Amino acid sequence: MASNGLFYSGDFGQSWSKSSTFFAHRLLVKGDSLIAFGSRHLVLSVDNGQTWTILASDKYFSNLTTFDHTAYYATSTFPPTAGLYYSTNLVNWVLVPVAGLPASYQYLSAAMDQNGMLHAIINDAAGSNFYYQIAFETATKIVEPITPLLPLNVLYDNGTIYVYDQIGAIFKTTDSGANWETISAPAGGPMSITNGYFFLGASNTVLWLSRNGGTSWQSVGETIIPSTNFLNVIVNEFDGFAYGILSNSVLKKSQVIVMTDDGTNPLSTAFSPANNS
């Protein structure tokens with residue numbers, strides 16, 4: 001994009017218009033509404049991103065998670081507001097004291113499951129990442145039965161929590177961690193899930209895609225661009241194209257439809273810059 005702010009497209013990424021000077025790193029979908037966060041303001045759009053309203057300010061949320069939009073957890077790493085927050089309306093937020101965490105730490109990733117448990121990747125003062133489960137204001141470091149060596153992010157999708165280990169593994173649970181399954185995966189990260197598709201970014205615009213829950217993977221990335229990585233990928237269920245956010249680069253759109261019907265073999269996909277982006 002030519003300048004910072006929030007942009008929207010009404011033609012599946014062919015053209016883009018700047019709708020706000022609010023700066024945001026991430027979006028959360030709430031029914032027909034969009035919630036943008038990642039900088040000073042938490043903002044809401046009810047008209048497909050054309051206009052935005054401030055819900056909360058000065059929290060600098062880096063993660064925002066919910067199961068059914070009746071309760072929300074958000075994390076901030078920005079002093080003096082760093083910590084875990086809870087809200088039922090996205091406007092009023094309460095700082096949640098959590099016992100069991102290191103003396104010095106920050107939240108890297110967080111996801112709420114269907115039972116209200118918060119799953120988080122915590123970075124400690126030594127620079128190490130650990131996977132924690134947080135319930136009733138108490139955090140428990142999980143080292144058994146799973147042993148993620150370099151956990152990078154945690155995701156909730158369709159009744160399942162996924163913990164991605166950047167050395168090349170995915171740990172999944174459907175019962176808040178009582179039982180786990182391990183899936184082999186490419187090394188890299190972060191991992192994103194969209195419409196049932198798993199995407200894994202790696203260095204220099206390498207991108208991996210799995211259409212079958214991590215059973216198999218194919219490389220669908222861009223021609224190598226040094227020091228540029230895929231940060232997030234989404235698949236638009238209405239047009240079938242994938243859209244990717246990259247570091248140090250423009251928004252990109254897949255050259256072919258990746259959401260094929262069940263009778264069509266998977267297609268390799270390369271990403272190209274979206275028009276006017």
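On a 1 Å grid laid over the protein atoms alone, a cavity is a set of points where a 1.4 Å probe fits but cannot get out, a pocket is an open set with protein on both sides within 12 Å along at least five of seven lines, and lining residues have an atom within 4 Å of a point. Before we use that, some ground rules: this is a predicted model, so to speak of local features we need pLDDT of at least 70, side-chain atom pairs count only at pLDDT 80 or more, and totals for chains, interfaces and linings use all residues. Residues are numbered from 1 along each chain as its sequence is written, and side-chain values use heavy atoms, with hydrogens and water left out.

Two cavities of 30 Å³ or more turn up, where a volume is the space filled by probe spheres set on the grid points, joined across faces, edges and corners. The second largest cavity holds about 30 Å³, and its lining consists of Pro190, Ser192, Phe199, Leu200, Gly201, Leu207, Phe230, Leu231, Asn232 and Val233. E23 has the largest share, with four residues. By class, the lining has seven nonpolar, three polar and no charged residues, where Ala, Val, Leu, Ile, Met, Phe, Trp, Tyr, Cys and Pro count as nonpolar, Asp, Glu, Lys and Arg as charged, and the others, Gly among them, as polar.

E20 also belongs to an open sheet of four strands, in the order E19-E20-E21-E22 with antiparallel pairing. Strand E19 (191–194) and strand E22 (218–219) are at the edges with a single partner strand each, so one side of each has no neighbour in the sheet. Pairing asks for at least two DSSP bridges between two strands, and E19 has four of them to strand E20 (residues 197–201), running antiparallel. In that pair, Met191 sits opposite Leu200 of E20.

The largest cavity has about 40 Å³ of space. Among the residues lining the largest cavity are Phe37, Arg40, His41, Lys59 and Phe61. Strand E5 (41–45) and strand E6 (53–57) each supply at least two residues of that lining, which divides into five nonpolar, four polar and two charged. Phe37 from this lining falls within strand E4 (residues 33–37), which also holds Ser33. Ser33 counts as buried at 15% relative accessibility, buried being under 20% relative accessible area (1.4 Å probe, protein chains only). Beyond its neighbours within four places in sequence, Ser33 is in contact (heavy atoms within 4.5 Å) with Leu28, Leu44, Ser45 and Val46.

Now for an open space. The second largest pocket has a volume of about 220 Å³, and of its 13 lining residues, Tyr73, Gly116, Ala135, Phe136 and Glu137 are the closest to its centre. Strand E9 (83–87) and strand E13 (129–135) each bring at least two lining residues. The lining has nine nonpolar, three polar and one charged.

Last stop: His119, in strand E12 (residues 118–124). His119 is buried, with a relative accessible area of 0%. Its side chain makes a polar contact of 2.6 Å with that of Tyr131; such a contact is a pair of N or O atoms within 3.5 Å, and within protein one must be able to donate a hydrogen and the other to accept it, while residues adjacent in sequence count only if both atoms are side-chain atoms. Setting aside residues up to four places away in sequence, His119 also touches others, including Asp113, Gln133, Val154 and Ser176.

Note on methods:
Buried means under 20% relative accessible area, exposed over 50%, partly exposed in between (1.4 Å probe, protein chains only).
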